[in-house]
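Here are my notes for you to read alongside the model. Keep the viewer open and look up each residue as you go.

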Amino acid sequence: MRAMLLRHPWSAAGGAFTPLELDNVPVPAPADGEVLVRVSACAVCRTDLDVAEGRVVAPRYPVIPGHQVIGRVAGVGRAASGRREGDRIGIAWIHSACGVCRWCTRGEENLCPYFESTGCDANGGYAEYVTARADFTYPIPDLLSDFEAAPLLCAGAIGWRSLALTQMHDGDALGLTGFGASGHLVLQLAQKRFPRSAIYVFARSPSERAFALELGARWAGDTADAPPEALAAIIDTTPAWKPVVDSLAHLMPGGRLVVNAIRKSRSDQAELQRLDYATHLWMEREIKSVANVTRADVQDLLAFAAESGLRPTVETIPLEQANAALTALRSAGGIHGATVLRFDLNSGTL
Ligand SMILES: [Zn+2]
Ligand SMILES: [Zn+2]
């Protein structure tokens, strides 16, 4: 099968960014409890870039990235119940969790110490086939196309979890810092869940700000600009620290900022020196990170998307061009919505 392999984290300075290499590798066999999936779409996430650049380290290389996978079941391992050949399913970032620890037993399997991720701990969907545990796959509602459903599996599901963690109510003002694949989905999700809430978007690039206004944001400004009202909640989807410090100043008393990033950039960490307790944290302002997703997050978001009409804005490119998609994420500002890898159904053999 064709696969985009990450042989080792990218370390070269300058030149073209080509961390992934197209190669032919054997089709994996499903182990007990697993299904083999013929991939039809795999959305690209900023975390794939974190893996490619080594901010998130895989236990072994080469590894196949990709954790927003849509495909059809092409093989069923022993004791893999609930899935049949031909079923259209999704695979998300949560590859597995232990099921018995303190966190798993209280519905927080996203925090499990034995949490394993798709596309990092286990091979992911930048390939024609992938295996997954049957009980960590999701039926895809008929109303969603493969390309629409793929970005919902991470950007959508983690947006869903982030919104829940803000503890905001309908009518509360929400700020979004960053407006990439994740941010644009969070905006639409928030509009549907909290129709009376005004949404304010902070983004560096003018084209992202224009896109935010087009999608119905009440206001869009630079990260250093002040929004017209204080914010009850903020969701940060940037890799940087500056928007975190800047936006905290606009949080109202008791407000909460949720950071949706698996790793933050070290390049502007000095911005944290500007953190002023009285301005940014006093009056019970809070900062909370959002880590991974649970299966319930993914299921709930897929059902909500199907019934509410939530659809991501998607651009598709062939599997072989995954490096170009990661390069675009790296430079930021040039992407409107989510990028999804597509697969030529005629190539690839079992
Ligand atoms: Zn992701
Ligand atoms: Zn656990």
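1. Start with Ile 234, which you'll find in strand β13, residues 231-236. Keep in mind that this is a predicted model. Is Ile 234 buried or exposed? Its relative accessible area is 0%, so Ile 234 counts as buried.

2. Now look at what surrounds Ile 234. Setting aside neighbours within four places in sequence, Ile 234 is in contact with Leu 174, Gly 175, Thr 177, Ser 247, Leu 251, Arg 256, Leu 257 and Val 258.

3. Next, the nonpolar cores. The largest one has 95 residues, and the residues with the most contacts inside it are Tyr 126, Leu 174, Leu 176, Val 201 and Leu 326. Which strand gives the most to this core? That's β3, with seven residues. There is also a second, separate core of 13 residues, including Ala 173, Val 244, Leu 251 and Leu 257.

4. Arg 88 is worth a stop. It is found in strand β5, residues 88-91. Why does Arg 88 count as buried? Its relative accessibility is 16%, and buried means under 20%. The side chain of Arg 88 makes a polar contact with the side chain of Asp 146, at 2.7 Å. Leaving out neighbours within four places in sequence, Arg 88 also has contacts that include Ile 70, Arg 72, Tyr 138, Pro 141 and Leu 144.

5. On to the metal. Which residues coordinate the zinc ion (ligand 1)? They are Cys 45 through SG, His 67 through NE2 and Cys 154 through SG, at 2.0 to 2.2 Å. Written as a sequence pattern, the donor residues are spaced C-x21-H-x86-C. Cys 45 lies in the loop between β3 (34-43) and α1 (46-52), and His 67 in the loop between α1 and β4 (69-76), so this pair ties together parts that are 22 residues apart in sequence. Both Cys 45 and His 67 are buried.

6. How many aromatic pairs does the structure hold? Five. One of them is Trp 160 with Phe 304, a tilted pair at 5.2 Å centre to centre, with 55° between the planes. Trp 160 sits in helix α3 (residues 155-166) and Phe 304 in helix α8 (residues 295-308), so the pair ties together parts 144 residues apart in sequence. Trp 160 and Phe 304 are both buried.

7. Another pair to find is Phe 179 with Phe 211, which is edge-to-face: 5.8 Å centre to centre and 65° between the planes. This pair links distant parts of the chain, 32 residues apart: Phe 179 is in the loop between β10 (174-177) and α4 (181-193), while Phe 211 is in helix α5 (residues 206-214). Both of these Phe residues are buried. Also take a look at Tyr 200, Phe 202 and Trp 219, which form one aromatic cluster.

8. Finally, charges over rings. The charged end of Arg 330 sits over the ring of Phe 17, 3.8 Å from its centre. Arg 102 lies over the face of Trp 103, at 5.7 Å from the ring centre.

Conventions. Residues numbered from 1 in each chain as written. Chains lettered and ligands numbered in written order. Predicted model: local features only at pLDDT ≥ 70, side-chain atom pairs only at ≥ 80, totals over all residues. Heavy atoms only, no water. Phe/Tyr/Trp six-rings, centres within 6.5 Å; stacked < 30°, edge-to-face > 60°. Helix = DSSP H or I, 4+ residues; strand = E, 2+ residues; numbered from the N terminus. Buried < 20%, exposed > 50% of the residue type's maximum accessible area, 1.4 Å probe, protein only. Lys NZ or Arg CZ within 6 Å of the ring centre and 35° of its normal. Donors = N, O, S within 2.8 Å, 3.2 Å for Na, K, Ca; no water. Polar contact = N/O pair within 3.5 Å; in protein donor to acceptor, adjacent residues only side chain to side chain. Contact = heavy atoms within 4.5 Å. Core = buried A, V, L, I, M, F, W, Y, C linked by side-chain atoms within 4.5 Å.
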